[in-house]
Amino acid sequence: MNNTTFLMRSAWLAGAAWAMTAGAAQADSGFYIGASAGGSNIEADLGVTDIPDLPNSIDEDDTAFKAYIGYNFDLPLINLGVEGGYVNFGEPEIDVLGSEVTLETTALNLWGIVGVDAGPIDLFAKLGYASWDAEASIQNVSESTDGNDLAYGVGASFGLGPLSVRGEYELYEFDETDVTMLSVGVTYQF
């Protein structure tokens with residue numbers, strides 16, 4: 001076999017391998033929807049106050065949930081995606097001077113996602129922007145605040161056809177408050 005024939009066959013095999021990889025990648029590209037539930041932790045520094053029994057900081061946990069929709073671009077080496085959603089961090093309660101103060105925090109978020117396929121498991125990292133709202137209520141009196149801040153996350157998913165099970169850890173930095181969420185959910189890809 002001469003060099004020209006060898007090079008042509010090698011080029012044909014390389015092209016066929018690339019086409020099969022690109023075709024497989026395209027099969028995992030597309031829109032998806034999902035929902036997750038888990039736990040959230042809210043840590044806030046209230047500063048020093050002159051009110052007796054009022055804590056200087058809050059560190060409370062509660063049940064949280066979220067719903068999201070996104071689009072995945074499954075490329076040969078990495079996965080890129082964009083995702084938007086709603087998250088409710090729960091309503092933890094703290095006792096202040098014998099009364100229960102309820103904290104409710106929600107957010108709308110937009111994420112940029114980059115991931116890699118590690119066999120049947122996909123690993124990913126997220127960087128996002130969250131528009132949040134926090135409301136504190138005590139004895140039918142409420143006070144709210146809102147803002148826009150960065151958020152970060154990491155996760156893994158295990159695919160079962162169009163369905164995948166997804167676990168994530170997310171960190172939101174809202175002004176003087178750090179909110180984290182650890183969740184497990186299901187995603188369906190169209």
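Mentor: What follows is a short talk about pockets and their linings.
Mentor: This is a predicted model, where local features need pLDDT of at least 70, side-chain atom pairs count only at pLDDT 80 or more, and totals for chains, interfaces and linings use all residues. Residues are numbered from 1 along each chain as its sequence is written, and side-chain values use heavy atoms, with hydrogens and water left out.
Trainee: How much space lies in the largest pocket?
Mentor: About 600 Å³. A pocket here is an open set of points on a 1 Å grid over the protein atoms alone, where a 1.4 Å probe fits, with protein on both sides within 12 Å along at least five of seven lines. The volume is the space filled by probe spheres set on the points, which are joined across faces, edges and corners.
Trainee: Which residues lie nearest its centre?
Mentor: Asn 72, Asp 122, Ser 157, Ser 164 and Gln 189, out of 31 lining residues; lining means having an atom within 4 Å of a point.
Trainee: Which element gives the largest share of that lining?
Mentor: Strand β5, with five residues. Strands are DSSP runs of E, at least two residues, numbered from the N terminus.
Trainee: And the second largest pocket, what volume?
Mentor: About 360 Å³. Of its 19 lining residues, Ala 44, Leu 103, Ala 134, Thr 145 and Thr 177 are the closest to the centre. Two or more residues each come from β1 (30-45), β5, β6 and β7.

Notes: Helix = DSSP H or I, 4+ residues; strand = E, 2+ residues; numbered from the N terminus.
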